[in-house]
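Here is a short briefing to read alongside the coordinates. Have a look at the model first, then follow the notes by topic.

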Amino acid sequence: MRVIAGDFKGRQLKSVPTHQTRPTTDKVKEAVFHKIGPYFDGGKALDLFAGSGGLGIEALSRGVSSCIFVDQQQKAIQTIYENIRTLDLTDRTEVFKTDAKRAMKAAGKRGLSFDYIFLDPPYKKFSYKELMEALLDYELLAEQGVIVCEHDASEEIPASVGRLNQMDSDVYGSNIGVTIFK
């Protein structure tokens, strides 16, 4: 795993040493960021189900000002910390070991909103509709914000959720789907 573009282009990232996480491939990362960026002039990101932190770190490398990483696995949290320390990103990041719903509730209580939200939960274990409804209920998405959902290609993803509408949906390889909402 590596950072594809920006300030940390080519830098290696550690992956989580467990079979419970599945890193986003370089090909998928490149495609996603070309659709939502490819570069940013500030903004805040939320990387839920962060795994190694690859999506949030890519956003930081491409110009996002700050990112909050959330995962409930201890090995993932340790990997995120290693990756952000290696790239000297500790002053632009926060890392939380908790489940996504608690993290969303806590962020809502803090009055946070995000320009970019990355949802990459374990395939077929979460309802994207429910996750996006919670993001809207807690007012976590900025007015012009974007949500990127990585999912199993066979999963049914709604065309719209509340004020969110699909702006793009693609399949990569045989089983990786990415749907972007705005």
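**Helix 5 and the overall fold**

Helix 5 covers residues 128–137, and its buried residues are Tyr128, Leu131, Met132, Ala134, Leu135 and Leu136. Keep in mind that this is a predicted model. The notes below go from the end of that helix to the chain as a whole.

*After the helix*
- Glu139 follows helix 5 and has a positive phi, near 55°.

*Secondary structure*
- The chain contains five helices and eight strands.
- Read from the N terminus, the order of elements is α-β-α-β-α-β-α-β-α-β-β-β-β.

*Size and packing*
- For 182 residues the globule rule gives 16 Å, and the chain's radius of gyration of 15 Å is close to that, so the chain is as compact as a globular protein of that length.
- The C-alpha trace spans about 40 × 40 × 30 Å along its principal axes.
- Of the 182 residues in the chain, 51% are buried.
- Among contacts with a separation of 6 or more, 65% are between residues 24 or more positions apart.

*Surface and charge*
- The chain has an accessible surface of about 8,800 Å², and carbon and sulfur atoms account for 46% of that surface.
- There are 24 positive and 25 negative side chains in the chain.
- The centres of these two sets of charges lie 4 Å apart.

Note on methods
Residues numbered from 1 in each chain as written. Predicted model: local features only at pLDDT ≥ 70, side-chain atom pairs only at ≥ 80, totals over all residues. Heavy atoms only, no water. Buried < 20%, exposed > 50% of the residue type's maximum accessible area, 1.4 Å probe, protein only. Helix = DSSP H or I, 4+ residues; strand = E, 2+ residues; numbered from the N terminus. Rg over C-alpha atoms; globule rule 2.2 N^0.38 Å. Contact = heavy atoms within 4.5 Å. Areas by Shrake-Rupley, 256 points an atom, 1.4 Å probe, with all protein chains shown as cover. Lys, Arg positive; Asp, Glu negative; His and termini not counted. Charge placed at Lys NZ, Arg CZ, Asp CG, Glu CD.
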